[in-house]
Amino acid sequence: MEAVGVAFVELVKCVSAPIVECVKYHKGINKYMATLKKRLNELNSQNADIEARKNVDLVSGETVVKEEVKLWLERIKNINDEIKITEEKVEKVKFFSRVDLGKSVARKIEEVKELYESGRKLLESSLVIPLPERGDPLPTITIEGRETTFERKIQEIWESLIDDGVTKIGVYGMGGIGKTTALEHINNMILENKDKFDSVIWVTVSKDSDLTNLQEKIAHKLGLDISKEVDQKTREGKLYKQFNTKRKYVLILDDLWYAHSLKEVGIPEPENGCKLVLTTRSRDVCNKMSCKPIFQIEFLSEDDAMDLFLETVGRDVLSIGNLEKTLKEIVQQCAGLPLAVVTIAKSLKGTVNLYEWEIALEKLKKCTKGSESDAIIERLKFSYDRLNDKRLQDCLLYCALYPEDYEIDRALLIEHLIVEEIIEESNTRQYQIKEGQAMLAKLVNLCLLNNVDKYARYVKMHDLVRDMALRITSESPRFLVKAGLGLKTIPNEENWKGDTLKVSLMDNNIYDIPPSFEPPKCRKLSTLLLCKNTLRSISDNFFLHMKGLCVLDLSYTRIANLPESVSNLVNLTALLLKRCEELKYVPSLAKLKRLRKLDFFETGVIEVPHGMEMLVKLRYLDFSLCRLEFMPDGVLRKLVNLQYLSLMFLSTTPRIKGEDLACLRNLETFHVLIDDINNYNVCVKSLENRGLTNYIFICQSQFSQEYLSWIVHSSGGDKFVYLRECKLSESILLPEDVEKLRIEKCNVKVSRLYELVPFNVTTKLRCLEIKHCQLTEYLFSCLYSYNSRLLQNLERLDLDKLSNLNGLFETEKFGSPQLGFFSSLRYLRIHYCNNLKKLFILDNASIPSLEEIFIKKCNQLEELISSTKSDDEDQNQEKGGTDHHAIDLPKLRSLHLSRLPKLHRIPFIAKSLQDVCIYDCPNLKRIDPLLDRERCPPLQYVRIDRNIWRSLQWDYTDAKNFVQSFMDPDGYSGSEEVEELEGEKGGGEENEEEEKEGRKRKEEKGKTRELKEEINEQGEEEREEKEVEGEGEEEEEREQKEEEGEGEEEDKEREKKEEGEGEGEGKEEKEEQSEEEGETEDERKQREGEEEEQSEGEGETEEEGEEEEKEEKEAEEGEREAKKEKREQRAGEGIEKK
């Protein structure tokens, strides 16, 4: 019998579950619909945020909206249409269709929630991506005075380029003749003439480029990654497809050595305004590529060569007595070759002694013997010889170790020059970096190196200069350079000469160095560069005869185990293993006592190599993004010469002891990830007064590898402190020179943040970000306002989700700010600070540097920046008093205000304003002196929602028309909508009343249906309503009150709570978040209560005010009685039908 009973219970469960489910949807359809509307309103507000952000981020011709953003916006449009149809169905739904429709509404709620979450993630990153740029303007030399033959040739090329009948142009001539220079001028002319072409794509091909290499270079310029595609046809297809997304482009292939089939490369035949221009040393290449016309760049005439020489060296040399004859002969020795003219002129710049000029002439005459190509190289070597600085010469020769036309990262190059000791040893690392920058600048000024980009982050060698350097290093000092050639095996042993000093095999496809390979007998070898290969293994005997090796670079390889023989490289000064992600084993380093740099950045090592404590000369140590499981005690304190130390472990198991750090007296750069606030304080205390030039302190238990890598790279040279998910119950330490401070999701135990965070010492703070700190009410003490140094360097202030924030300063009026207060603030962002009423109160002051303001979802915010000036102190200068109490923001360019229900004024004068976005600010009635003034700012884009626009009061009609002309025609505030609203002039209040009455009728209709359902199944509804919104006991009490016939106040309370149900589904997430942040139960309840009050306050933004509500109340009471009778009558009819 017991078994039968259990089976019966299970049967009842199986049968009743679907019935209960159906009843839930049948009875809860109206509540589901109310929740859906609430969610949809939130989604549409988010949609407006994304639209506004998108329009700000979009730069014509430079950026394009991400495809995922386009898809999301399209889904928002579709979901609105679908919900509109669903709403109409719900209003007309038949009794037996309610279940299916209820399920459909529930699904729509989930879909809207999913879209909202997707939108939140979109807002966390950029909504646009940069277009493959139109092209970068390139530096060129302009010769003042008469038009030269070279300039006429450039003009001929340009005229052919803009000829609709020309699609392919060839330019040929010998190396150094000026082909690239001519095309650099063409490049700039394309960018200047935007009506002719949309973009220019510049690809430097180089001598060693095969088809695969050429495809990858073109793909890189198109923003396409095809490096993992092995199949040639696939690569070809992807390139072809990418080209077809572009219009009216000019593709420049510079320094093309061999003819290629455009189809095989993946380049469409130029048409519809697209053009191909190539430069080559051979006319045959132009012919084979079907170029027409073909231009030859010829040698400079004697007069043109003299003009170029004087333009480069400086025309003041003409004042040197008796120089004219010598000068003319030197120019003749350049043989009309522009590269030779420029480099030789640069090398002689500043020479004022006639005898030096004569000696230079004699040396040049010796260089001109031999073949034509040899003569060119020798002329360039003349400039190399005149450097008269062995370190500069070594620096130039070192650049030849990189592949041809390689864009060399300046910062990484300087690091290599330091470990190679080309930059001489110094007491400080920063001095060495500056010395390296100065060396590279000299070589650029002498035209022996070229800057690649306008920020001078990369440099490159002209291929003839590289040929000259390789010729020098083919004998003494001897280099073996086979970089970027696509090698799959290591060069055979006859390439390894006994006196070889440096070997570069970087950027190839070498897979392994097998035991069968004879160990090279290169006892003088000092540098071996094997980086950027697919290298997986190295035979143990490979290093057998390399006892003099100083620099071993295996970065960006796939090696898993270093050979044991590395332990015997006793002269090694640098072991570079950056991003060897598969590396697990490193042999003992105990014998490598001369080691100065050890780079394990983002490797797979999990333990500190044996013998680390013996590396007392070590100056650079990087363990960032490694998963070290153990840091032996006392290792760090023995590395007393460390200047650079990065310990951003992905695993935070190793603890860093303060006494270890205190021993590092020479430390200049320090990066560390710490899992405990107390340990953080110990680290900061240990390094105080150390004068670090760069540091990153991150306090959190764990980060993802990608996120941590992003933080390390984005921090740049900042002095950065990041506290995340920490329990801040006691005072923390901050370095006095901290420049960037971010506090996020911390469990702050006090309401005044300054009691824990010593802002009073941070006089150099440039960026302050505080997010998700719930209990924070004030950031700064009022006493700070009298410290003029405190915030004078602050450039960025970003506050987000500080739900209890009352103000920046503890007191509302903290007195006149001192000179320099907020004088550097450029960016201000305040989001979700619902208690905040005013940001700043300033006395006779402005914020002179402020450029961007973004304020969103601050429910209590009334004023952004207000003045304490009295009325009699501020005389109006313009009509209507538009400048009354106005704050001058002379550099403000962007102003974005959204969801600020109590904001009533914007007291700014912003003469540089370009971008304005205002929506959901129902209390804003005037927009002076910001836009409503006699002379409007230079606007470019305006977006104001139609309700605000309709309610705005204007003093200047011309200003109103001017602003309207910039409003977005496609958005919710477009000019067409505004015109429509203008057509409603005089009937606005009546229309609003009609809309309000319509809403009331819908609400009453919904209540009628709900009441009928309540009469049918009162008891069952209590449980179902809890399932719909999770209201629990509160819902029960509400139902009981309704049964007992509670009056109007209970009905109103119910309506408000139903409106607030939309906010309830996040309760569990908030509880989980509060547990993670360490909140007590009382604190959580207090916070939730405050948030409920705030969310209820949001629903009141549509009301017209207390006075209007009182006037309507009497009329509503009469209507309510009549409607109540109708409800009861209809409910009775429903029961009879059922």
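Guide: One term before we start: contact means heavy atoms within 4.5 Å. Keep in mind that this is a predicted model.

Visitor: Leaving aside neighbours within four places in sequence, which residues is Leu 528 in contact with?
Guide: Leu 528 is among the residues with the most contacts inside the largest nonpolar core. Sequence neighbours within four places are set aside here. What remains for Leu 528 is Trp 496, Val 503, Phe 542, Phe 543, Met 546, Leu 549, Val 551, Leu 552 and Asp 553.

Visitor: How many residues does the largest nonpolar core have?
Guide: Nonpolar side chains tend to be buried together in soluble globular proteins. Here, Trp 496, Leu 528 and Tyr 680 have the most contacts inside the largest core. That core has 142 residues.

Visitor: Which helix gives the most to this core, and between which domains does the core lie?
Guide: Helix H21 (residues 677-686) gives the most, with four residues.

Visitor: Now the charges. Which residue meets Asp 394 in a salt bridge?
Guide: Side chains of opposite charge can pair when their charged atoms come close. The N to O distance is 2.8 Å, and the partner is Lys 390.

Visitor: Is Lys 390 buried or exposed?
Guide: Exposed means over 50% relative accessible area. Asp 394, at 24%, is partly exposed. Lys 390 has 58% relative accessibility, so Lys 390 counts as exposed.

Visitor: How far apart in sequence are the parts that Arg 391 and Glu 424 tie together?
Guide: These two side chains meet in a salt bridge at 3.8 Å, N to O. Arg 391 is in helix H15, while Glu 424 is in the loop between helix H16 (410-419) and helix H17 (429-445). The pair therefore ties together parts that are 33 residues apart in sequence.

Visitor: Are Lys 719 and Asp 737 buried or exposed?
Guide: Their side chains form a salt bridge at 2.9 Å, N to O. Lys 719 lies in strand S23 (residues 719-724) and Asp 737 in the loop between strand S24 (727-728) and strand S25 (740-744), so the pair ties together parts 18 residues apart in sequence. Both residues are buried.

Visitor: How many salt bridges does the structure hold?
Guide: Some share partners: Arg 742, Glu 769, Lys 771, Arg 796, Asp 798, Asp 800, Lys 801 and Arg 829 are joined into one network. For the structure, the total is 51.

Visitor: Which helices do the buried residues of H10 pack against?
Guide: Helix H10 (residues 302-313) has 12 residues. Nine of the 12 are buried, including Met 306, Leu 308 and Phe 309. The buried residues pack against helix H4 (149-161), helix H11 (324-333), helix H12 (338-348) and helix H13 (354-367).

Visitor: Last one. What is the strand order in the open sheet of three strands?
Guide: Strand S8 (408-409) and strand S9 (450-451) are the edge strands, each pairing on one side only. Two bridges join S8 to strand S10 (residues 458-460). The pairing is antiparallel, and the order is S8-S10-S9.

Terms used. Residues are numbered from 1 along each chain as its sequence is written. This is a predicted model: local features need pLDDT of at least 70, side-chain atom pairs count only at pLDDT 80 or more; totals for chains, interfaces and linings use all residues. Side-chain values use heavy atoms; hydrogens and water are left out. A salt bridge is a side-chain nitrogen of Lys or Arg within 4 Å of a carboxyl oxygen of Asp or Glu. Buried means under 20% relative accessible area, exposed over 50%, partly exposed in between (1.4 Å probe, protein chains only). A nonpolar core is a set of buried Ala, Val, Leu, Ile, Met, Phe, Trp, Tyr and Cys residues joined through side-chain atoms within 4.5 Å. The expected span of a helix is 1.5 Å times one less than its number of residues. Two strands pair if DSSP finds at least two bridges between them.
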